[in-house]
Amino acid sequence: MCTGDCTKFIGVSLYPFCALCMICNILLLFPGWSTDAVNNSRERLTPEVLYLGGLLGNGVLVLIPAICIQYIGKRRTCINRCGMLVSVILAAVAVCGAIYGFVTSLLGLINGPVCYYQFINADPRWTAPFKLESEYTSLDRSYLFQREFWLRCMMPVGVVEFNVILFSTIMAASALQVVLCLIQVINGVFGCLCGTCQEKLQ
């Protein structure tokens with residue numbers, strides 16, 4: 001596969017991951033499939049959801065470069081050394097977007113969701129219980145490995161599983177986006193230095 005065809009392939013391959021991350025981020029705005037959190041977003045939504053890592057990072061900052069990269073890879077358009085150099089820059093922007101989405105999702109996974117939590121030695125309240133370092137939570141390690149504490153999140157129902165699945169999905173898609181974009185950086189550098197086979201055929 002020549003560098004031009006590889007460029008087009010990578011551009012197209014990024015689309016489904018962008019869509020997946022954007023959908024996951026939108027779903028995170030409705031924890032436990034409830035719309036109540038949107039009305040009280042500052043109190044009821046996980047802060048990392050409001051960073052919009054999946055929408056802005058994995059979505060916009062990757063999707064726009066992906067569209068441009070695919071266009072650069074088309075025959076009889078921008079397949080030349082200059083076009084390949086532009087694709088390297090675009091791929092680098094996409095890497096930054098994917099890393100932003102990965103980091104915000106990782107923080108969301110580490111800190112846990114906001115929920116109406118039933119504390120052992122205190123009254124239940126809306127908080128991010130797994131982020132707190134107090135005598136109330138009594139966690140000796142990450143909540144991810146102590147599922148018995150998940151049931152104490154009474155509202156929204158199943159919010160811990162909801163957040164874990166969606167944030168993990170965004171992280172996995174982010175990692176694949178980074179890999180594809182780094183391949184394009186290498187591919188673009190080769191195309192810039194050596195030219196493209198499409199360019200030679202013309």
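A contact here means heavy atoms within 4.5 Å. Among contacts in the protein chain between residues at least 6 apart in sequence, 71% link residues at least 24 apart.

Before going on, some ground rules: this is a predicted model, where local features need pLDDT of at least 70, side-chain atom pairs count only at pLDDT 80 or more, and totals for chains, interfaces and linings use all residues. Residues are numbered from 1 along each chain as its sequence is written, and side-chain values use heavy atoms, with hydrogens and water left out.

The predictor's confidence in each residue, pLDDT, runs from 0 to 100. For the protein chain the mean is 83, with 87% of residues at 70 or more. Helix H6 (residues 81-111) scores highest at a mean of 91, while helix H8 (residues 197-201) is lowest at 50. Where pLDDT is low, the predicted coordinates should not be read in detail.

The chain has 8 helices and 3 strands, taken as DSSP runs (H or I of at least four residues for helices, E of at least two for strands) numbered from the N terminus. In sequence order, that reads α-α-α-α-α-α-β-β-β-α-α.

Now look at H1 and helix H7 (residues 159-194): they pack at an angle of about 160°, axes 9 Å apart. That makes H1 roughly antiparallel to H7 (angles over 145 degrees, on a scale from 0 to 180 between N-to-C directions).

Finally, find Leu29, in the loop between helix H1 (3-28) and helix H2 (36-39). Leaving aside residues up to four places away in sequence, Leu29 touches Ala37, Val38, Leu45, Val49 and Leu50.

Definitions and conventions: Angles under 35 degrees count as roughly parallel, over 145 as roughly antiparallel, 65 to 115 as roughly perpendicular and the rest as oblique.
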